[in-house]
Amino acid sequence: MKIKIKLQQILDERNISQRQFSIMVNMRPGTINALCRGTTDRIYISTLEQICIALNIHIHELIDMED
């Protein structure tokens, strides 16, 4: 089973660029890009919290489990 971060999908739905979002959450653009592309293998809980707060979403809206 694979965990997928749906950040790019959410940003696309809201017409927010990765660069705009990185400024909103005060994170490196490279970090946001890696999360959007799914190329990261670890993420801090505090990072997930920041993303959810900035987008006003629950964690289950951000993370998906794939078979």
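**Before you start**

The model is predicted: local features need pLDDT of at least 70, side-chain atom pairs count only at pLDDT 80 or more, and totals for chains, interfaces and linings use all residues. Residues are numbered from 1 along each chain as its sequence is written, and side-chain values use heavy atoms, with hydrogens and water left out.

**Stop 1: the largest pocket**

Select I3, K4, I5, L35 and G38. Of the 19 residues that line the largest pocket, these are the closest to its centre. A pocket here is an open set of points on a 1 Å grid over the protein atoms alone, where a 1.4 Å probe fits, with protein on both sides within 12 Å along at least five of seven lines; lining residues have an atom within 4 Å of a point. The volume of this pocket is about 280 Å³. That volume is the space filled by probe spheres set on the points, with grid points joined across faces, edges and corners.

Now colour β1 (2–5), α1 (7–13), α3 (29–37) and β2 (63–66). These are the elements that give two or more residues to the lining of the largest pocket. Helices (H or I, at least four residues) and strands (E, at least two) are DSSP runs, numbered from the N terminus. Which element gives the largest share of this lining? It is β1, with 4 residues.

Colour the lining by class next. The largest pocket has 8 nonpolar, 4 polar and 7 charged residues in its lining. Nonpolar covers Ala, Val, Leu, Ile, Met, Phe, Trp, Tyr, Cys and Pro; charged covers Asp, Glu, Lys and Arg; the others, Gly among them, are polar.

**Stop 2: strand β1 and the surface**

Stay with I3. It lies in strand β1. Is I3 buried or exposed? I3 counts as exposed because its relative accessible area is 53%. The cut-offs are under 20% for buried, over 50% for exposed, and partly exposed in between (1.4 Å probe, protein chains only).

With I3, they make a nonpolar surface patch of about 370 Å². Patch residues have over 30% relative accessible area and no salt bridge; nonpolar side chains (Val, Leu, Ile, Met, Phe, Trp, Tyr) are joined within 5 Å, like charges within 9 Å. Accessible areas come from the Shrake-Rupley method with a 1.4 Å probe; for residues, only the protein chains shown count as cover.

Draw a line from I3 to Q50. They are 47 residues apart in sequence and 19 Å apart in space, C-alpha to C-alpha.

Move to K4, also in strand β1. K4 counts as partly exposed because its relative accessibility is 37%.

**Stop 3: strand β2**

Select D64, in strand β2. At 33% relative accessibility, D64 is partly exposed.

**Stop 4**

Select R28, G30, T31, A34, L35, T40, R42, I43, Y44 and T47. They line the second largest pocket. Its volume is about 160 Å³. Helix α3 gives the most to this lining, with 4 residues. By class, the lining holds 4 nonpolar, 4 polar and 2 charged residues.

**Stop 5: the salt bridge**

The term means a side-chain nitrogen of Lys or Arg within 4 Å of a carboxyl oxygen of Asp or Glu. How many salt bridges does the structure hold? It holds 1. R42 and D41 are both exposed. Side chains of opposite charge can pair when their charged atoms come close.

**Stop 6**

Select N15, in the loop between α1 and α2 (18–25). Its phi is positive, about 55°, although N15 is not a glycine. Most residues other than glycine have a negative phi. N15 is exposed, with a relative accessible area of 70%.

Next is N26, in the loop between α2 and α3. N26 has a positive phi of about 55° too, and is not a glycine. It is exposed at 70% relative accessible area.

Finish on N56, in the loop between α4 (45–55) and α5 (59–62). N56 is exposed, with a relative accessible area of 69%. Its C-alpha atom and that of M24 are 12 Å apart, while the residues are 32 apart along the chain.
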